Amino acid sequence: MDISTYLWFLSLCTCLVHGKPTLRKERVHHEPELSRQPHEDNQSYQYDHEAFLGKEEATTFDQLTPEESKARLGKIVERIDSDVDGYITTDELKAWIKRVQKRYVYENVAKVWSDYDLNKDNKISWDEYKQATYGYYLANPEEFEDATDQFSFKKMLPRDERRFKAADLNGDLAADREEFTAFLHPEEFEHMQDIVVLETLEDIDKNGDGHVDEDEYIADMFAHEDGGPEPDWVRTERDQFSDFRDLNKDGKMDLEEIRHWILPQDYDHAQAEARHLVYESDTDKDQMLTKEEILENWNMFVGSQATNYGEDLTRNHDEL
């Protein structure tokens, strides 16, 4: 392999590692909190603002007049109403909050979109992705015979194809932006959890028996190279494996035990916030919100120049 090919290979490996988490050491995925602000409705709506808009957008709204804030909120409501029936359900509100909190993921996809959408039809087909990522390898396989097993193209190509098909919900082998986001960031999407669990098993299961034993679990996080004693934290992880990872006490983790480990059932902050916003704004108590109900209680959803850490914005606006 000449030096130019070698450098290309290294850059591609780097792209693969950073482009999608197929080879990550931080295995456990926790749902982030929606805001670092305290949830104090009688004193401040800052938590609700950051949950509903995201921290940066909430700061932007704080610079607007009340009229501008309400006008923008009205447009957001129309985007939240995914089935366009004129009502915002708890599920629609939850989906919006989750999307807002994952904005950085969508921004990451936007940055690389043009690299893969080769024919500029605003979709990325499997063939386009395969060509952009593996085209050189497919055309020159002999140059990669000495590639390390970690970056084995023969392994990664079918793995990526399997993940692409899992993300491709309509089965047309062409990913829209939502599907491609699920492909690059599967840990962020519920329907991709099986793939995340399976890929984790494949990464750690070095003997190929379909399970992860204690030594494989430790080897994934610690390379015992000098032959000396294990650090205290490694011994703690061995205890974690026997006490909390190996639930059925058979000495190894199966797929369900891996799922329990890397995808813990955390408190669903988005669900709780969606229910809270509906409860506080649902004047006719039909467990759904209309655009009018949201705008009537607009100060809970968004801020403005009138916001002073949760003072009643309607009163403040009247006083101005």
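Me: Which helix do R259 and E256 both lie in?

Reply: R259 and E256 both lie in helix α13, 3 residues apart, which is about one turn of the helix; helices here are DSSP runs of H or I with at least four residues, strands are E runs of at least two, and both are numbered from the N terminus. The two residues form a salt bridge, with the closest N and O atoms 3.5 Å apart, a salt bridge being a side-chain nitrogen of Lys or Arg within 4 Å of a carboxyl oxygen of Asp or Glu.

Me: Before we go on, what kind of model is this?

Reply: This is a predicted model, in which local features need pLDDT of at least 70 and side-chain atom pairs count only at pLDDT 80 or more, while totals for chains, interfaces and linings use all residues. Residues are numbered from 1 along each chain as its sequence is written, and side-chain values use heavy atoms, with hydrogens and water left out.

Me: OK, is E256 buried or exposed?

Reply: E256 is exposed, with a relative accessible area of 51%; buried means under 20%, exposed over 50% and partly exposed in between, using a 1.4 Å probe and protein chains only.

Me: How many salt bridges are there by that rule?

Reply: The count comes to 20 salt bridges. One of them joins the side chains of R162 and E202 at 2.8 Å, N to O, and this pair links distant parts of the chain, 40 residues apart, with R162 in helix α8 (residues 153-167) and E202 in helix α10 (residues 193-204). R162 is partly exposed at 28% relative accessible area, and E202 is also partly exposed, at 36%.

Me: Which residues are linked with those two in a network?

Reply: The network of salt bridges links R27, R159, R162, R163, E199, E202, D203 and D220.

Me: Switching to α12, how far apart are its end C-alpha atoms?

Reply: They are 18 Å apart, which agrees with the 20 Å that the 14 residues of helix α12 (residues 232-245) should span at 1.5 Å a residue, because the expected span is 1.5 Å times one less than the number of residues.

Me: And which of its residues are buried?

Reply: V234, E237, R238, F241 and R245 are buried in α12, and the buried residues of this helix pack against β3 (212-213), α11 (214-219), β4 (252-253) and α13 (255-262), where contact means heavy atoms within 4.5 Å.

Me: What does R235 form a salt bridge with?

Reply: R235 forms a salt bridge with D232, the closest N and O atoms being 2.0 Å apart, and both residues lie in α12, 3 residues apart. R235 is partly exposed at 39% relative accessibility, whereas D232 is exposed at 53%.
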